Amino acid sequence: MIQQLIHLLDWFGIFVFSATGALVASRKEMDLVGFALLGSVTGIGGGTIRDLILGVQPIFWVEQPAYLVACIIISTATFFFAHILHHRYRLLLWLDAVGLALFAVTGSSSALAHGASPVIAVAMGVASASFGGIIRDILGGGSPIILRQEIYITAALAGALVYVLLSRAGIHEDVTIFLGFLAAFGLRAMGLYWGLSLPRYRALKDQDDA
Amino acid sequence: MIQQLIHLLDWFGIFVFSATGALVASRKEMDLVGFALLGSVTGIGGGTIRDLILGVQPIFWVEQPAYLVACIIISTATFFFAHILHHRYRLLLWLDAVGLALFAVTGSSSALAHGASPVIAVAMGVASASFGGIIRDILGGGSPIILRQEIYITAALAGALVYVLLSRAGIHEDVTIFLGFLAAFGLRAMGLYWGLSLPRYRALKDQDDA
Amino acid sequence: MIQQLIHLLDWFGIFVFSATGALVASRKEMDLVGFALLGSVTGIGGGTIRDLILGVQPIFWVEQPAYLVACIIISTATFFFAHILHHRYRLLLWLDAVGLALFAVTGSSSALAHGASPVIAVAMGVASASFGGIIRDILGGGSPIILRQEIYITAALAGALVYVLLSRAGIHEDVTIFLGFLAAFGLRAMGLYWGLSLPRYRALKDQDDA
């Protein structure tokens with residue numbers, strides 16, 4: 001039951017991340033196949049790195065190519081319908097936020113299911129949540145989203161931490177999933193909506209950077 | 001026999017991709033060891049990602065270091081002879097096209113040989129054909145070639161699709177290899193020669209990108 | 001005994017590379033969690049790629065999460081103390097040089113211990129020494145350090161070559177470690193201190209780059 005819920009959320013995360021990859025492709029005015037490539041790499045990239053690092057074989061989408069096919073369908077649909085949207089970049093950021101929060105939880109959950117220790121599970125939640133977007137931004141020729149000023153990686157970390165800690169504390173899985181998602185999405189949403197950011201490192205005026 | 005042909009084409013693909021890596025190094029005026037690094041990463045990068053994703057161990061060039069040695073020799077030769085060339089960037093693009101077409105076929109073939117499903121085999125053809133060049137362009141500090149306007153990823157996809165579909169249809173392997181290569185190289189050549197491109201996504205004039 | 005020395009040097013390399021990642025984060029004025037991410041990826045990135053390519057499972061820091069925790073602690077400390085430093089970028093380059101030299105040796109050593117051939121061991125030394133820094137520079141939105149003019153990859157190659165050749169020649173391990181480190185650090189230090197570089201490729205005046 002719970003495993004099915006995690007599975008469902010994982011699918012949903014792949015959908016929204018694919019859409020963000022396709023939206024980056026639309027900003028770069030790529031062709032249909034470019035959309036499919038960027039959408040797929042973004043949708044399954046984070047999970048691929050997670051599986052490689054955990055030594056999970058076969059990689060999830062090699063075992064179940066339906067994941068890849070779904071990414072291609074979503075990206076293709078975005079190619080034809082993105083022109084309807086009036087605020088593509090804003091939408092991209094919000095979809096990315098949903099994907100980030102979903103993968104922070106499902107990435108951690110998947111790591112725990114493969115026997116990883118809590119520290120590694122949190123790291124895998126953060127990696128699943130962030131690397132798809134990082135690869136998307138680098139392939140898209142832009143600046144990685146992690147360099148933006150508002151809360152980003154912190155949100156993924158919070159979601160993964162809440163999920164793993166509550167899971168280990170024996171709280172019911174339904175609740176931990178919900179609270180983990182809420183922690184990540186809530187923080188990222190505050191970043192997007194109010195521009196909230198954590199204290200950032202500030203160089204001293206007289207600090208020589210050479 | 002056929003396995004040997006695939007093997008030969010794979011070697012040839014590694015040669016030409018190494019040369020493109022070394023040509024990028026020449027554009028960045030790197031030293032001899034820089035040439036060797038960029039040539040090697042480009043020559044064996046796509047196949048390394050393919051092997052990692054398929055869970056093939058040992059990775060092809062770890063099993064047979066001759067692949068790596070060949071990349072180093074080609075890159076070194078490029079260091080000494082690239083000044084003879086008068087149209088380095090043009091040559092780079094055409095060599096890249098040959099490598100792309102070869103790897104679209106051999107990458108798919110290698111995936112099928114390791115028991116991958118057709119969808120995954122096509123994906124591995126595209127990944128083998130494109131990721132070496134993508135890594136080359138990112139390490140070389142340039143814009144990834146996939147962002148160029150003319151047909152690129154589409155050519156890799158066409159080659160991989162033709163090869164995998166015809167193979168599954170039971171067509172003689174000689175023919176499928178040839179037609180797969182032709183599909184990929186022909187499309188990419190049309191892109192390079194006539195600047196042919198697929199319809200690209202166009203933002204509406206009044207579309208807000210913020 | 002020797003294995004413990006290699007282990008110790010590996011830890012030290014991870015420390016200094018983490019610090020360089022955190023210093024890049026400070027240049028980008030990231031928040032605390034950004035420091036932890038960039039510091040960790042830089043500290044354990046090169047070794048992760050080495051383990052993936054050699055098929056070593058579990059990856060070293062998945063087996064021993066203390067490595068990851070150490071990276072996080074170092075990065076966090078850098079967040080609070082980097083403002084004391086007056087020459088952050090200079091320090092970054094020198095720490096990077098120490099990490100490069102350490103990983104050239106320990107990366108090669110680890111590959112030999114996993115049964116890799118000498119050619120592959122040298123390649124793994126170079127990969128361990130350089131890929132952490134490459135990922136750091138790409139995620140940090142900057143130009144990869146391998147594109148800098150002075151000796152860099154050459155130093156890693158020299159260290160790995162000296163270590164592997166002397167090891168195979170049966171020289172006492174203490175000595176080979178020391179000489180390998182010295183070769184790599186010495187060359188890189190000459191590059192940093194005197195701007196020493198190998199002959200670089202120079203395009204001809206009349207060479208057409210299009």
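The contact between chain B and chain A takes 29 residues from chain B and 31 residues from chain A. The model is a predicted one.

**Chain B against chain A**

- On the side of chain B that touches chain A, helix 2 (32–54), helix 6 (118–139) and helix 7 (153–168) of chain B each supply at least two residues.
- Helix 6 of chain B gives the most to this side, with five residues.
- By class, the residues of the side of chain B that touches chain A comprise 19 nonpolar, six polar and four charged.
- Only 7% of the interface residues of chain B are also interface residues in chain A, so the copies meet through different surfaces.

**Relation between the copies**

- Two copies of a chain are related by a rotation about an axis and a shift along it.
- Chain C is superposed on chain A by a rotation of 120° with 0.0 Å of shift along its axis, and the RMSD is 0.0 Å.
- In chain C, the residue that comes closest to the rotation axis is C:Leu52, at 4.3 Å (C-alpha).
- The copies use different surfaces here, and 6% of the contact residues of chain C recur in chain A.

**Chain C against chain A**

- In this contact, 31 residues of chain C meet 29 residues of chain A.
- Two or more residues on the side of chain C that touches chain A come from each of helix 1 (2–27), helix 2 (32–54), helix 4 (66–81), helix 5 (88–113) and helix 6 (118–139) of chain C.
- Helix 2 of chain C gives the most to that side, with six residues.
- The side of chain C that touches chain A has 17 nonpolar, eight polar and six charged residues.

**Helix 2 and helix 5 of chain C**

- The axes of helix 2 and helix 5 of chain C come within 11 Å and cross at roughly 20°.
- These two helices of chain C are therefore roughly parallel to each other, and their crossing is right-handed.
- Helix 2 of chain C makes the contact through C:Gly46, C:Arg50 and C:Leu54, and helix 5 of chain C through C:Phe103, C:Gly107, C:Ser110 and C:Ala111.
- This contact has three nonpolar, three polar and one charged residues.

- Helix 1 (residues 2–27) of chain A has 26 residues and should span 38 Å at 1.5 Å a residue, which agrees with the 38 Å between its end C-alpha atoms.
- Just after helix 1 of chain A, A:Glu29 takes a positive phi of about 50°.
- The axes of helix 1 and helix 2 (residues 32–54) of chain A come within 7 Å and cross at roughly 140°.
- Helix 1 and helix 2 of chain A are therefore oblique to each other, with a right-handed crossing.
- Residues of helix 1 of chain A including A:Ile14, A:Phe17 and A:Gly21 meet residues of helix 2 of chain A including A:Phe35, A:Leu38 and A:Thr42.
- The contact of these two helices of chain A has nine nonpolar, eight polar and no charged residues.

Conventions. Residues numbered from 1 in each chain as written. Chains lettered and ligands numbered in written order. Predicted model: local features only at pLDDT ≥ 70, side-chain atom pairs only at ≥ 80, totals over all residues. Least-squares fit on C-alpha atoms with pLDDT ≥ 70 in both. Contact = placed C-beta atoms within 7 Å. Helix = DSSP H or I, 4+ residues; strand = E, 2+ residues; numbered from the N terminus. Nonpolar A, V, L, I, M, F, W, Y, C, P; charged D, E, K, R; others polar. Axes fitted to C-alpha atoms, helices over the stretch in contact; angles between N-to-C directions. Parallel < 35°, antiparallel > 145°, perpendicular 65-115°, else oblique. Left-handed = near helix turned anticlockwise from the far one by under 90°. Expected span 1.5 Å × (residues − 1).
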